[in-house]
Amino acid sequence: MERKPDVPIDLVVKFGGSAITDKSRLETLKEDNLKLAVDVIRKCVERGLRCVVVHGAGSFGHHHAKEYEVNNGVKGLPEEVKRRRYGMCLTRISVTKLNHLVVRSLVENDVNAIGLPAAGFWVTDTGKISRHGVTGIMELLDNGFVPVLHGDCVLDISKGCHILSGDVIIKTLCKEHLVNRVVFLSDVTGVYDKPPSETDAKHISKICVGENGKIMADISTTSSPYDVTGGMLLKICTAMDIVTGSGGKTKVYVTKVGSGSVNPICLGLDTGQLDHTTFTEIIHQT
């Protein structure tokens with residue numbers, strides 16, 4: 001099996017759950033947005049870039065996870081254990097259904113994509129990564145495939161099970177291997193100082209992360225009541241960890257699927273001439 005241990009990953013793209021699904025409606029895909037996101041990957045692969053796709057669960061998983069309180073674990077009274085195990089199975093059926101839709105769309109657009117679940121490969125302990133599946137990701141990349149991962153239910157040593165977010169998968173991948181760019185495709189044009197639905201919300205084009213790991217901006221966020229993995233706040237924290245952990249070597253962006261900035265950013269082109277109100281860049285401030 002061919003391995004290329006010293007070759008960096010050019011691009012990790014997160015298809016946000018809110019970007020490709022309607023979180024307010026059970027298992028409802030935003031087909032047009034998915035097509036736009038897939039087209040970005042197609043263009044990157046055509047340029048010879050080594051790409052990894054990670055997608056959120058959106059309405060394909062969060063509803064079941066919340067209803068059955070899956071993230072509370074599967075230990076305790078027998079009836080609760082039985083109920084949450086059942087909920088874990090329903091959650092996985094739902095999220096793997098979305099993974100199939102994403103992978104099929106990529107393959108139909110000439111991208112050699114292979115779905116790679118976290119369940120069975122990744123293990124947590126009280127929510128913290130105990131064992132990861134980065135080796136499997138690298139093996140697929142090294143052999144010419146685009147791995148497609150997603151937020152998933154995984155086994156947890158202490159509490160039985162845990163909802164592992166796609167953002168944590170990305171952060172772990174960046175910790176274990178050099179990644180040139182991470183791009184979060186959202187349903188909004190980057191990060192705002194408060195929820196963008198508020199009339200006085202201001203777009204933040206650049207977030208500077210200091211040596212102490214703290215951001216130099218005042219940001220308040222909100223998320224869907226069904227989002228059990230942290231919403232935009234988790235993405236910001238993930239981005240902070242990535243840029244500080246890499247010492248600024250990994251560039252991190254948040255932008256809206258379909259915006260004019262997506263292709264240049266993902267392809268690694270100069271962003272100087274782009275409309276800076278269409279994306280947010282998270283940088284390491286030395």
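Where is E31 found? E31 sits in helix α2, and that is where I'd like to start, everyone. Helices here are DSSP runs of H or I with at least four residues, strands are E runs of at least two, and both are numbered from the N terminus.

A quick word on what we're looking at. This is a predicted model, so to speak of local features we need pLDDT of at least 70, and side-chain atom pairs count only at pLDDT 80 or more, while totals for chains, interfaces and linings use all residues. Residues are numbered from 1 along each chain as its sequence is written, and side-chain values use heavy atoms, with hydrogens and water left out.

Back to E31. With 51% relative accessibility, E31 counts as exposed. For that word the cut-off is over 50% relative accessible area; buried is under 20%, and partly exposed is in between, using a 1.4 Å probe and protein chains only. E31 has I20 at 7.0 Å, C-alpha to C-alpha, and the two are 11 residues apart in sequence.

E27 lies in the loop between α1 (17-20) and α2. Its phi is near 50°, a positive value in a residue other than glycine. At 27% relative accessibility, E27 counts as partly exposed.

Now for how helices meet. Two packed helices are described by the angle between their axes and the distance between the axes. The axes are lines fitted to C-alpha atoms, for helices over the stretch in contact, and the angles run from 0 to 180 degrees between N-to-C directions.

Take α2 (residues 31-46) and α4 (residues 78-108): their axes come within 9 Å and cross at roughly 50°. That makes α2 oblique to α4. On the naming, under 35 degrees is roughly parallel, over 145 roughly antiparallel, 65 to 115 roughly perpendicular, and the rest oblique.

Contact, by the way, means heavy atoms within 4.5 Å. By class, the contact of α2 with α4 holds 6 nonpolar residues, 1 polar and no charged. In that scheme Ala, Val, Leu, Ile, Met, Phe, Trp, Tyr, Cys and Pro are nonpolar, Asp, Glu, Lys and Arg are charged, and the others, Gly among them, are polar.

Rings of Phe, Tyr and Trp (its six-membered ring) pair if their centres lie within 6.5 Å; planes under 30 degrees apart are stacked, over 60 edge-to-face, and the rest tilted. By this rule there are 2 aromatic pairs. One of them is Y68 with Y86: the ring centres are 5.8 Å apart and the planes stand at 80°, so the pair is edge-to-face. Y68 is in the loop between α3 (62-67) and α4, Y86 is in helix α4, and the pair links distant parts of the chain, 18 residues apart. Y68 counts as buried at 14% relative accessibility, whereas Y86, at 48%, counts as partly exposed.

Helix α4 also holds G87. G87 counts as buried, at 0% relative accessibility. Leaving aside its neighbours within four places in sequence, G87 is in contact with Y68 and V70.

D110 has a positive phi of about 65° although it is not a glycine, and it counts as exposed at 70% relative accessibility.

Last stop, helix α5 (residues 134-142). Its buried residues are V134, I137, M138, L140, L141 and D142. They pack against β1 (9-15), β2 (51-55), β3 (113-115), β6 (146-150) and α6 (166-176).

How do α5 and α6 cross? Their axes come within 10 Å and cross at roughly 75°, which makes α5 roughly perpendicular to α6. V134, I137 and M138 of α5 meet T172, L173 and E176 of α6. That contact has 4 nonpolar, 1 polar and 1 charged residues. Just after α5, G144 takes a positive phi of about 90°.
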